Amino acid sequence: YGMVPNLRDNHYATLRTILHAIEFIDKEQRNFIQDRKEWCNKYGMRDESDAIQTFNDFLTILTYHLKKQDSEDMNRISDAVINEPLRKELDITTKGRVLTGDKGLDELKETIDRIKNKSSTYDIEKQILPNASYEPVFATSVVSHGIDLEELNFMVFQGIPYTTSEYIQALSRVGRSREGIVMVWLYPNRVRDGSFFKNFKRYHEALDHEVRPIPVKRNSILGIKQTVNSLFCAGIIQFLSNKHGKPLIHKKDIIELDANDKEELVQFIKSVYGKHININIEKEVEIRINQIRESAEGENTFFRDVLSKSGEYYYRNQNGMRGIQGAMVLRPYFNTRNLLNKINGGN
């Protein structure tokens, strides 16, 4: 649904949307408990478990903001717009979380864990008790990549994203396991948003055609060469480290890999690409291990750095998923700070 706020700004409109959604969910949960069979018949639910799952699926509301400051402002003023009426009328509250590009991986992971935990521990009887809480997430484009949660099914946009591809990426965060609800509050004083409002239905009917096709297939040789080194690094740092119960990050760790480790690493990489692959992964893995083993670098050198100093272009260009391994967390074995200390040669 695309809407333009009347006599109010988009902050207020988005927050009021969250407020009314929570009020509706709370009211319907109470109606369901009073007469479960009648409620299921009214809304066409198969049975009680289907109804409870539906409530659970829409428990967390996600909002999207074009600017970091907007998401911060939403969280700051939500107490006045959302919590005051909720506390007064229903004795419940919200505890919003902000996700922006300057949040670390730990905070992102914590938010994801909280969403999953909220869903896995959902109890409809407790959710209507006094002091029950809802946890909306106020986010920027940081949620557009890598946040794939079945628990997210209700999203509110505060303004239309700057590009169609970003809009598609963002709205794809919801409705991954069932039909999702997406609402867009357009800015009435922005010409671009006004155009979207006037052509909202037609724009969405042609949405897929607005994105330029990428002339690279999944099994393209160039695409594989650009990514195989990243998967090699990720497979060792995440997959094999988890198997061994300790971080494998130094040159000496790679030298000590046995035949089974190498085979599992090969299968890990193959599983990412799928069946159709036009490159010898066994050879690619062996070449990289030999490159690390035969290098003049010290045994405590981060193996990714050994590859990055190689004369091979793709080793230098793609030395580990855009460098994210430098901040990866392999819980429960060690935290980010310990990992970075090890990488930098610390204790």
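Me: Which residues does Leu231 touch, not counting residues up to four places away in sequence?
Reply: Phe268, Ile269, Val272 and Tyr273. Contact here means heavy atoms within 4.5 Å.

Me: What am I looking at, a predicted model?
Reply: This is a predicted model, where local features need pLDDT of at least 70, side-chain atom pairs count only at pLDDT 80 or more, and totals for chains, interfaces and linings use all residues. Residues are numbered from 1 along each chain as its sequence is written, and side-chain values use heavy atoms, with hydrogens and water left out.

Me: Back to Leu231. Where does Leu231 lie?
Reply: In helix H10. Helices (H or I, at least four residues) and strands (E, at least two) are DSSP runs, numbered from the N terminus.

Me: Is Leu231 buried or exposed?
Reply: Leu231 is buried, at a relative accessible area of 13%. Buried means under 20% relative accessible area, exposed over 50%, partly exposed in between (1.4 Å probe, protein chains only).

Me: New topic, aromatics. How many aromatic pairs in the whole structure?
Reply: The search finds 11. Rings of Phe, Tyr and Trp (its six-membered ring) pair if their centres lie within 6.5 Å; planes under 30 degrees apart count as stacked, over 60 as edge-to-face and the rest as tilted.

Me: Why does the pair of Tyr167 and Tyr203 count as stacked?
Reply: The planes are at 25°, so the pair is stacked, with ring centres 6.2 Å apart. Tyr167 sits in helix H7 (residues 164–171) and Tyr203 in helix H9 (residues 200–205).

Me: What about Phe232 and Phe303?
Reply: They form an edge-to-face pair, 6.3 Å centre to centre with 85° between the planes. Phe232 lies in helix H10 (residues 221–244) and Phe303 in helix H14 (residues 303–308), so the pair ties together parts 71 residues apart in sequence. Both are buried.

Me: Which residues do ring pairs link into a cluster?
Reply: Tyr64, Phe157, Tyr167, Phe196 and Tyr203.

Me: OK, helix packing. How do H1 and H3 cross?
Reply: The axes of H1 (residues 10–34) and H3 (residues 48–57) come within 11 Å and cross at roughly 165°. That makes H1 roughly antiparallel to H3. Axes are lines fitted to C-alpha atoms, for helices over the stretch in contact, and angles run from 0 to 180 degrees between N-to-C directions. Angles under 35 degrees count as roughly parallel, over 145 as roughly antiparallel, 65 to 115 as roughly perpendicular and the rest as oblique.

Me: Which residues make the contact?
Reply: Ile25, Glu28, Gln29 and Phe32 of H1, with Glu48, Ala51, Ile52 and Phe55 of H3.

Me: And H1 with H2, what angle?
Reply: Roughly 125°, with the axes of H1 and H2 (residues 36–43) coming within 5 Å. H1 and H2 are therefore oblique to each other. On the H1 side, the contact residues include Phe24, Glu28 and Phe32; on H2 they are Arg36, Trp39, Cys40 and Tyr43.

Me: Last one. Where is Thr140 found?
Reply: In the loop between strand E6 (137–139) and strand E7 (152–158). Thr140 is buried, at 9% relative accessible area.
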